[in-house]
Amino acid sequence: MAAGSAGDDLIELLFFAYRDFVGDPDRILAQYGFGRAHHRVLHFVDRYPGLTIAELLDILRITKQSLNRVLKDLIGQDYIAQKTGTSDRRQRLLFCTPAGTALAGDLIDVQARRVARALAEPDPGVGTGLATAESFLFGMIEPDERAAVRRLMARRIRSVA
């Protein structure tokens with residue numbers, strides 16, 4: 001794709017969209033002394049209770065050292081609890097505490113409002129509706145990772161049902 005093409009505009013819009021999408025929770029997290037890494041951990045632990053450390057490392061693609069620093073903060077301030085695995089006692093399973101669930105809910109609420117507004121007020125000529133947005137977001141994921149993301153999301157849907 002040549003420089004100056006429509007793709008360049010989309011890339012630029014993605015930077016702005018990301019800035020604003022994460023900016024809302026950043027302001028909330030700052031009140032707790034937390035950052036984006038804390039947000040990401042809280043998000044996935046809240047949505048997938050019982051997630052193992054290994055699964056979380058795979059999802060976030062961060063080092064154990066980085067995760068341990070963030071988990072230490074979240075566990076120490078009672079936002080996440082660790083439990084020993086039932087079938088494998090070496091596993092550490094992660095769960096949000098009530099405070100963690102409340103904070104994760106506050107963070108997702110501000111982001112959900114932003115997404116809902118964007119879907120309700122689409123840019124003319126770009127396409128409308130959730131199907132278009134979902135297709136676009138999946139299209140942004142590396143092709144060889146899409147199946148793993150779908151499996152993870154299906155897991156959450158099954159646990160909610």
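A: Buried means under 20% relative accessible area, exposed means over 50%, and partly exposed is in between. Keep in mind that this is a predicted model.

Q: OK, is Glu55 buried, exposed or partly exposed?
A: Glu55 has a relative accessible area of 31%, so it is partly exposed.

Q: And what does Glu55 form a salt bridge with?
A: Glu55 forms one with Arg155, and their closest N and O atoms are 3.0 Å apart. Glu55 belongs to helix 3 and Arg155 to helix 7, so the bridge ties together parts 100 residues apart in sequence. Arg155 is partly exposed too, because its relative accessibility is 27%.

Q: How many salt bridges does the structure hold?
A: It holds 7. Among them is the one between Arg36 and Asp26, at 2.6 Å from N to O.

Q: Switching topic: which residues touch the most other members of the largest nonpolar core?
A: Val41, Leu42, Leu56, Leu74 and Ile80, out of 25 residues in that core. Helix 2 and helix 4 are among the elements that each supply at least two core residues.

Q: How do helix 2 and helix 4 cross?
A: Their axes come within 10 Å and cross at roughly 75°, which means helix 2 is roughly perpendicular to helix 4. Val41 and Leu42 of helix 2 take part in the contact, and Leu74 is one of the residues on the helix 4 side.

Q: What classes of residue are in that contact?
A: 7 nonpolar, 1 polar and 2 charged.

Definitions and conventions
Residues are numbered from 1 along each chain as its sequence is written. This is a predicted model: local features need pLDDT of at least 70, side-chain atom pairs count only at pLDDT 80 or more; totals for chains, interfaces and linings use all residues. Side-chain values use heavy atoms; hydrogens and water are left out. A nonpolar core is a set of buried Ala, Val, Leu, Ile, Met, Phe, Trp, Tyr and Cys residues joined through side-chain atoms within 4.5 Å. Buried means under 20% relative accessible area, exposed over 50%, partly exposed in between (1.4 Å probe, protein chains only). Helices (H or I, at least four residues) and strands (E, at least two) are DSSP runs, numbered from the N terminus. Axes are lines fitted to C-alpha atoms, for helices over the stretch in contact, and angles run from 0 to 180 degrees between N-to-C directions. Angles under 35 degrees count as roughly parallel, over 145 as roughly antiparallel, 65 to 115 as roughly perpendicular and the rest as oblique. Contact means heavy atoms within 4.5 Å. Ala, Val, Leu, Ile, Met, Phe, Trp, Tyr, Cys and Pro count as nonpolar, Asp, Glu, Lys and Arg as charged, and the others, Gly among them, as polar. A salt bridge is a side-chain nitrogen of Lys or Arg within 4 Å of a carboxyl oxygen of Asp or Glu.
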